[in-house]
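Please look through the sequence and the 3D structure shown here before reading on. The report then takes up a sheet, a helix and a few single residues in turn.

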Amino acid sequence: HPLIVINGDILTRVNFREMLEFHEEHAAHMTVAVRQHEFRVPYGVIETEGVAIKDITEKPMIRHSVNAGIYVLNPEVCALIPADQPYDMTELIAQLVIDNRLVVSFPVKDYWLDIGQSSDYEKAQEDLLSGKV
């Protein structure tokens, strides 16, 4: 059976059953939960070719899918993790991709917060008190 692994500093309401079903539907070796993260660049961004300016975008919004720290792993994938040294999930993802094993992204739309920073931890406490979580 696949294993669900979650980083210890994540507070979420993600539906793990849906994530597991998604993993199985896609016959993936590994599923990585992803969140949309966006930020506004506070300046005009210049595109150049050499020294020539080709375009300028004033204060653009940048959007990326980011690792949400929740994973589904097939048992055979766990065998790739070295037992005698530290090994990050990002290393495992990269190795699986290199090995042409299917790694899929599961979009998290439910509540999710990384509480590794003190300001995020305070926000988590506010969210708990307000009933968001």
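## A polar contact in a predicted model

A polar contact is a pair of N or O atoms within 3.5 Å, where, inside a protein, one atom must be able to donate a hydrogen and the other to accept it. The model discussed here is a predicted one, and in it the side chain of His23 makes a polar contact with the side chain of Thr31, at 2.6 Å.

His23 belongs to helix 1, which covers residues 16–25. Its relative accessibility is 1%, and because buried means under 20%, His23 counts as buried. Leaving aside residues up to four places away in sequence, His23 touches Pro2, Ala28, His29, Met30, Thr31, Val72 and Asn74.

Which residues of helix 1 are buried? They are Met19, Phe22 and His23, and when the helix is viewed down its axis these buried residues fall within an arc of 100°, so they line one face of helix 1. The buried residues pack against strand 3, strand 6 and strand 7, whereas Arg17 and Glu25, on the other side of the helix, are exposed.

The two ends of the helix can also be described. At its start, a side-chain oxygen of Asn15 reaches to within 3.1 Å of the backbone nitrogen of Arg17, and after its end comes Ala27, whose phi is positive.

## The sheet

In a sheet, strands pair through backbone hydrogen bonds, and they do so either parallel or antiparallel. Here four strands form an open sheet in the order 1-6-3-7, with mixed pairing. Strand 1 (3–6) and strand 7 are the edge strands, since each of them pairs on one side only, and the twist from one strand to the next averages 45°.

Strand 1 and strand 6 (residues 61–73) are antiparallel and are paired over four bridges; in this pairing Leu3 stands opposite Leu73 of strand 6. Strand 3 (residues 30–40) and strand 7, by contrast, run parallel and are joined by five bridges, and Pro107 in strand 7 is the bridge partner of Val34. Helix 3 (residues 89–98) lies across strand 1, strand 3, strand 6 and strand 7, and runs at about 90° to strand 6.

The structure holds one aromatic pair. It is formed by Phe22 and Phe106, with an edge-to-face arrangement in which the centres are 5.2 Å apart and the planes make an angle of 70°. Because Phe22 lies in helix 1 and Phe106 in strand 7, the pair ties together parts that are 84 residues apart in sequence.

## Two residues with positive phi

Most residues other than glycine have a negative phi. Ala27, although not a glycine, has a positive phi of about 50°; it is found in the loop between helix 1 and strand 3, and with a relative accessible area of 58% it is exposed.

Lys59 is not a glycine either, and its phi is positive at about 45°. Lys59 lies in the loop between strand 5 (52–58) and strand 6, and its relative accessible area of 38% makes it partly exposed.

Conventions. Residues are numbered from 1 along each chain as its sequence is written. This is a predicted model: local features need pLDDT of at least 70, side-chain atom pairs count only at pLDDT 80 or more; totals for chains, interfaces and linings use all residues. Side-chain values use heavy atoms; hydrogens and water are left out. Buried means under 20% relative accessible area, exposed over 50%, partly exposed in between (1.4 Å probe, protein chains only). Contact means heavy atoms within 4.5 Å. Two strands pair if DSSP finds at least two bridges between them. Rings of Phe, Tyr and Trp (its six-membered ring) pair if their centres lie within 6.5 Å; planes under 30 degrees apart count as stacked, over 60 as edge-to-face and the rest as tilted. Axes are lines fitted to C-alpha atoms, for helices over the stretch in contact, and angles run from 0 to 180 degrees between N-to-C directions. The arc is that of the directions from the helix axis to the C-beta atoms.
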